[in-house]
Amino acid sequence: MGRCLLLAARAGSRTSPNPMVGAIVAKGARVIAQAWHRRAGAAHAEAAALSRAGRAARGSTLYVNLEPCCHYGRTPPCVDAIIAAGVRRVVCAHRDPFPLVNGRGFTALKRSGVRVDTGLLRDKAMRLNERYLTFVTRRRPFVTVKAAMTLDGRIATAGGDSRWISSARSRIEAHRMRATHDAVMIGVNTALADDPRLTVRLAAVGAGRERSRGADRGPLRVVLDSRLRLGAKARLLRGARKSHRGGVIIYTGPAASRPRAASLERAGAVVVRVRADAAGRVDIGSALRDLARRGVTSVLIEGGGELIGSALEARVVDKVTLFIAPLIVGGHGAIPVAGGRGARKLRQGIDLTEMTVRRSGPDLLVEGYVTGVKR
C-alpha cells in the first residue's frame with residue numbers, strides 16, 4: 001500500500017479534479033503489474049495495472065489506495081475490469097466519498113465474490129488526496145494560505161515595501177506551490193499595490209539572482225474585487241484566456257459597476273458577481289463554492305493581509321504555509337500577515353496542527369493544518 005501511495009503521488013496535480021491513485025497487482029510477495037492514474041481523462045490506475053497484468057491477474061490481489069469506481073465517467077467502471085480480470089482480493093486504503101461511488105464499489109465487488117479489505121494506511125492515503133476529499137465532501141476547494149513574512153509577522157512595511165521579504169530560494173518554492181494548485185487567489189489591494197502576473201516562473205538561482213526560465217500557463221488567477229477597482233491594463237490580465245488554466249476570474253459584489261465589468265471582460269477576464277459579506281466585501285465562501293462548480297479543487301491564497309484575515313475568519317482555510325525571513329521591520333503601520341478584526345481572546349485564535357518547520361535558504365518554512373475548519 002505504501003508503494004501504491006508513492007505511485008499515486010507521481011501524477012501530482014495533473015489528475016485534478018480526479019484523485020491521485022496507484023494500483024499494484026500481486027500474487028503473494030510477487031508484483032505482477034503496477035500503474036497510476038496519470039492525468040484526468042486517462043485510464044484509471046486499476047484498469048491500467050490489470051491491462052498490464054493480462055491473464056496473470058486471475059487469482060491475484062489488487063492493492064489500491066482509493067475505492068474503485070463503479071460508474072461510467074470519462075472511463076469505464078474499474079469494478080467491472082476487476083471482476084472480469086478474475087481478481088480474488090482487493091486491499092484498499094479507504095472509501096471514495098464521491099456520491100456515485102461512496103461504498104458502492106466495495107458492495108459490487110463483494111457481490112461478485114471478491115474479498116475486500118479496507119483501512120490499510122488510511123490516514124496517509126487520505127492526506128495524499130486531501131484536496132480531492134475536501135472538494136467532494138465540503139463542495140469547495142482545498143484552501144492553502146501562503147505568505148512571506150518577517151520575524152515580527154509583517155508582510156510589508158508601513159510604506160508598503162514588500163519586495164523582497166523572502167529569499168530567492170523561497171520564491172522558487174512559492175512558484176512550485178503555484179504550479180501544483182488549480183487556482184491562485186489575491187485581494188484587489190494586493191493586485192493594485194504589486195501589479196503581479198501570478199504566473200508560474202520556475203527560476204534558476206545563480207550569483208544571488210533569479211533567472212527566469214519563462215512562464216507557463218500557470219493556475220487560474222482569481223481576484224476578489226468588491227468594487228471593481230482593478231484596471232483593464234493590470235499585468236495579470238495580459239494573455240488571459242477564458243479557460244480553466246491560465247484564465248482570470250474576478251469576483252465582485254452585486255452592485256459593482258457594469259461598465260467596469262465590461263471593460264475587464266474585454267481585457268480577457270471573467271467577471272462573476274457574488275453576494276457581499278457584512279462588511280461589503282466579496283463573500284469568500286461564495287467565491288470558493290463557485291470555483292468548485294468550475295472544477296477547481298485547490299486554491300492558493302497569496303494575500304494580502306485583509307484577504308488572509310477574512311479567509312481565516314470565515315474558517316475556510318485548510319492549510320497555512322509561511323516563509324519567515326530573518327528580518328524585523330517594526331512600526332505600528334507595518335502590514336500584518338492576517339488583517340481583519342482578529343481574535344479578541346486567545347481562545348478565539350486559529351489553532352494549527354501537524355506543524356512542520358524546515359529551512360528554505362536563510363528563511364524558515366513553517367506549515368500546519370487548521371483545526372475546526374468549516375464544512
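Start by selecting V370, which lies in strand β18, residues 363-370. Keep in mind that this is a predicted model. V370 has a relative accessible area of 11%, so it counts as buried, the cut-off being under 20%. Show its surroundings next. Beyond its neighbours within four places in sequence, V370 contacts V317, D318, K319, V320, I350, D351 and L352. A9 sits 361 residues from V370 along the chain, and their C-alpha atoms are 23 Å apart.

**The sheet**

Zoom out to the sheet that holds β18. This open sheet has 9 strands, ordered β13-β12-β11-β8-β14-β6-β15-β18-β17, with mixed pairing. Colour β13 (270-273) and β17 (352-360). These two are the edge strands: each has a single partner, so one side of each lacks a neighbour in the sheet. From one strand to the next, the twist averages 20 degrees.

**β8 and β14**

Select residues 183-187 and 298-303. These are β8 and β14, which pair in the parallel sense over 4 bridges. Click A183: its bridge partner in β14 is V299.

**Strand β12**

Of its 5 residues, 5 are buried. In a regular strand, side chains alternate between the two faces of the sheet. On to the partners of β12. β11 runs parallel to β12 and is joined to it by 4 bridges; look for V222, whose bridge partner in β12 is I249. β13 also pairs with β12 in the parallel sense, over 4 bridges. There, I250 stands opposite V271. Include helix α9, residues 258-266: β12, α9 and β13 make a right-handed β-α-β unit.

**The cores**

Finish with the nonpolar cores. The largest has 34 residues, and M185, Y251, I284, L291 and I301 touch the most other members. Select I284. Leaving aside neighbours within four places in sequence, I284 contacts M185, L224, I301, L307, S310, A311, A314 and V316. Last stop: a second, separate core of 29 residues, including V64, V90, F106 and V116.

Definitions and conventions. Residues are numbered from 1 along each chain as its sequence is written. This is a predicted model: local features need pLDDT of at least 70, side-chain atom pairs count only at pLDDT 80 or more; totals for chains, interfaces and linings use all residues. Side-chain values use heavy atoms; hydrogens and water are left out. Buried means under 20% relative accessible area, exposed over 50%, partly exposed in between (1.4 Å probe, protein chains only). Contact means heavy atoms within 4.5 Å. A nonpolar core is a set of buried Ala, Val, Leu, Ile, Met, Phe, Trp, Tyr and Cys residues joined through side-chain atoms within 4.5 Å. Two strands pair if DSSP finds at least two bridges between them. Axes are lines fitted to C-alpha atoms, for helices over the stretch in contact, and angles run from 0 to 180 degrees between N-to-C directions. A crossover is right-handed if, with the strands pointing away from the viewer, the path from the first strand over the helix to the second runs clockwise.
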